[in-house]
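Opening the notebook on a new model today.

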Amino acid sequence: MKMKLLSAGVILLLILAGFGNSIYVTARCEGWERQLTAAENAAVEEDWETATIQLDALHRSWDKAEDYLHIVLHHEEVEDALVLMQQCRLFAALQDGDALLAAGEQLRCQYRHLAETEELHLKNIL
């Protein structure tokens, strides 16, 4: 009987950890998307200083979560997002709005993909 309770407790703990991870990753990705949108809006208005500040803040926020992301996500997907973010920062420094918007859309898609892979769906479990 104790083994069944222990097993049930471990399973419940794993499910709760999965929910917590899903909520955390989704919230972070949504926040990064908002920061990216703010940077893109500033670039559209040709306010390159604000765009750069926004992208630097986005990078700092990403940097704080990157070790955790490497634990729970595929390394390639984390690195892909980082490369896209660096491209956005480069395009802002070069004041290339069209390239920034194109790279920003790719980065936004990558954030959505990262969040989706951590959602608790049967397709993600099997």
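Predicted model: local features only at pLDDT ≥ 70, side-chain atom pairs only at ≥ 80, totals over all residues.

Before anything else, my cut-off: I call a residue buried when its relative accessible area is under 20%, exposed when over 50%, and partly exposed in between.

**Entry 1: salt bridges.** I searched the whole structure and got four salt bridges. I started with R108 and E40, whose side chains meet at 2.4 Å, N to O. R108 sits in helix α4 and E40 in helix α1, so this pair ties together parts that are 68 residues apart in sequence. Are these two buried or exposed? I looked up both, and R108 and E40 are each buried. The pair also belongs to a network of salt bridges that links E40, E105 and R108.

**Entry 2: R112 and E33.** Here the closest N and O atoms of the salt bridge are 3.1 Å apart. R112 is in helix α4 (residues 97-117) and E33 is in helix α1, so parts 79 residues apart in sequence get tied together. I checked accessibility too: R112 has 45% and is partly exposed, whereas E33 has 14% and counts as buried.

**Entry 3: R89 and D56.** I found this salt bridge at 2.9 Å, N to O. It links distant parts of the chain, with R89 in helix α3 (residues 75-93) and D56 in helix α2, 33 residues apart. R89 is partly exposed at 29%, and D56 counts as partly exposed at 25%.

Entry 4: Next I looked at E66, which lies in helix α2 (residues 48-72).

**Entry 5: α1 against α2.** I had the axes fitted and got 8 Å between them, with a packing angle of about 160 degrees. Over 145 degrees counts as roughly antiparallel, so α1 and α2 are roughly antiparallel to each other. Their crossing is left-handed.

**Entry 6: two spot checks.** K64, in helix α2, is exposed at 71% relative accessible area. T37 is in helix α1 (residues 2-44) and counts as partly exposed at 30%. T37 and G104 are 67 residues apart in sequence and 8.2 Å apart in space, again C-alpha to C-alpha.

Conventions
Residues numbered from 1 in each chain as written. Heavy atoms only, no water. Helix = DSSP H or I, 4+ residues; strand = E, 2+ residues; numbered from the N terminus. Buried < 20%, exposed > 50% of the residue type's maximum accessible area, 1.4 Å probe, protein only. Axes fitted to C-alpha atoms, helices over the stretch in contact; angles between N-to-C directions. Parallel < 35°, antiparallel > 145°, perpendicular 65-115°, else oblique. Left-handed = near helix turned anticlockwise from the far one by under 90°.
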